[in-house]
Amino acid sequence: MITTRPFGTTADGTSVTCFRLENAAGAWVEVLDYGCILRAVAVPDRAGALRDVCLGFDTVAEYQENHQGYLGAMVGRCANRIRDARFTLDGREYVLAANERPNHLHGGDRGFDQYVWDHSIEGDTVVFSRTSPDGEEGYPGTLKVRVSYTLTEDNALRLVLEGESDADTVVNLTSHAYWNLNGHGAGGVGSHTLSIDAIALTELGADNCPNGTIASVVGTPFDLRTACPLEAGWDADHPQIRQGGGYDHNWVLRGSGLHRAAVLAAPESGITLSLSTTQPGLQVYTGNFLPETAGKGGARYAPRCGVAMEAQGFPNAMNLPGFPSVVLRAGERYHQEIIFAFGHN
Ligand code: GLA
């Protein structure tokens, strides 16, 4: 069942709508047409009580003021960093907004997270769409994108990300939701355990962009093939951990097609989150630089009070030919899926 309610307006006066998706079991999710933001996900803990496990805000103004945290947002046209905010495609160099100097991050000064999208309701699915004009933030091609959210009866949230362009371009969309499986206002996520189906990660250079090296995780704090508490690794004495200020890295996923990539679990609540995706990479960001802010209902947010699991193409792929391509050719279809499946133990 999907219901809607007004969610205020943006600073320039555009109306924002909140969509509430609820299943027969009583689990519910809220998404906004502003930035396709996932603002709440209420799922049962092991005692059967619903907990909202997704960080978010109560007003559009707070999303706009805190946009650099990308809470719950759909990030695009290209998630993560592009070194020196430039790339070459079909022999031509494109210069992008250098919103994280000297790099381009998460789509630029005004990425997809900062627009009100068109919407439609198709059965149990909310569909958001927008047309990103040729040249937006420096990217070539008029790109039509469509993002849909469906809450299943077994407490899985399915995101389908689609796009089509009239010229060769770059597309790499992801959801930037932060999770705290004890409840969004429950404090640090250090005791959460995380497993990732990967034996390698893309090594970061001093500029926080992957340098092209695919590094083995074996014997490092990045080996999460067996679930580990986040706090066991995020302050480890390892050069890559120091570079990211904790976990803020892209793992090279082993599976192909729609595959299970990671499982996050909170011992206290018993809530588990299993992430499946068609994407080749998983950026895990342990909120190392989340500012001290008031979140929904006056909850106190601070560094490391949530963890983002961003299924995506590899960062800086446009400048590293050995990485899987994030180019979308004119007339071809972009199609990716991310499934957040909730359970408890
Ligand atoms: C990604 C980046 C982080 C940070 C967050 C948003 O995870 O890798 O460094 O920019 O997004 O704040």
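1. The side chains of Thr59 and Glu62 are joined by a polar contact of 2.6 Å. Thr59 sits in the loop that runs between β5 (50-52) and α1 (60-65). This is a predicted model, and the points below should be read with that in mind. Thr59 has a relative accessible area of 33%, so it counts as partly exposed. Between Thr59 and Thr142 there are 83 residues in sequence and 31 Å in space, C-alpha to C-alpha.

2. The ligand comes next. Around it are Gln68, Tyr70, Arg81, Leu105, His106, His176, Tyr178, Asp248, Gln283, Tyr285 and Glu310. The side chain of His106 has an N or O atom 2.7 Å from an oxygen atom of the ligand. For the side chain of Asp248, the distance from an N or O atom to an oxygen atom of the ligand is 2.7 Å. The side chain of Glu310 has an N or O atom 2.8 Å from a ligand oxygen atom. On its own the ligand has 300 Å² of accessible area, and the protein covers 91% of that. The space that the ligand takes is the largest pocket.

3. Gln312 belongs to strand β28, which spans residues 307-312. Is Gln312 buried or exposed? Its relative accessible area is 0%, so Gln312 is buried. A polar atom of the Gln312 side chain lies 3.3 Å from the backbone oxygen of Glu310. Glu310 is also one of the residues that surround the ligand. With neighbours within four places in sequence left aside, the contacts of Gln312 are Ala79, Asn80, Asn172, Thr174, Gln279, Pro280, Gly281 and Gln283. Of these, Gln283 is also listed among the residues around the ligand.

4. Leu290 is placed in the loop between β25 (281-285) and β26 (293-294). Leu290 counts as buried because its relative accessibility is 6%, and the cut-off for buried is under 20%. Which residues does Leu290 contact, leaving aside its neighbours within four places in sequence? They are Leu55, Leu71, Tyr178, Tyr285, Ala302, Pro303, Cys305 and Gly306. Val147 is 143 residues from Leu290 in sequence and 26 Å from it in space, C-alpha to C-alpha.

5. Two cis peptide bonds deserve a check by eye. One runs from Gly76 to Arg77, with omega near 5 degrees. Arg77 is in the loop between β6 (74-75) and β7 (81-82). Another runs from Arg101 to Pro102, with omega near 0 degrees. Pro102 is in the loop between β9 (92-95) and β10 (104-105).

6. Positive phi values are the last topic. Ala85, a residue other than glycine, has phi near 50 degrees. Ala85 lies in the loop between β7 and β8 (86-89), and with 2% relative accessibility Ala85 counts as buried. Asn208 is not a glycine either, and its phi is positive at about 70 degrees. The loop that holds Asn208 is the one between β19 (198-204) and β20 (210-216). Asn208 counts as partly exposed because its relative accessibility is 24%.

Technical notes
Residues numbered from 1 in each chain as written. Predicted model: local features only at pLDDT ≥ 70, side-chain atom pairs only at ≥ 80, totals over all residues. Heavy atoms only, no water. Helix = DSSP H or I, 4+ residues; strand = E, 2+ residues; numbered from the N terminus. Buried < 20%, exposed > 50% of the residue type's maximum accessible area, 1.4 Å probe, protein only. Polar contact = N/O pair within 3.5 Å; in protein donor to acceptor, adjacent residues only side chain to side chain. Contact = heavy atoms within 4.5 Å. Near = heavy atom within 4 Å. Areas by Shrake-Rupley, 256 points an atom, 1.4 Å probe, with all protein chains shown as cover. 1 Å grid on protein atoms, 1.4 Å probe; cavity = no way out; pocket = protein on both sides within 12 Å on 5 of 7 lines; lining within 4 Å. Sits in = over half its atoms within 2 Å of the grid points.
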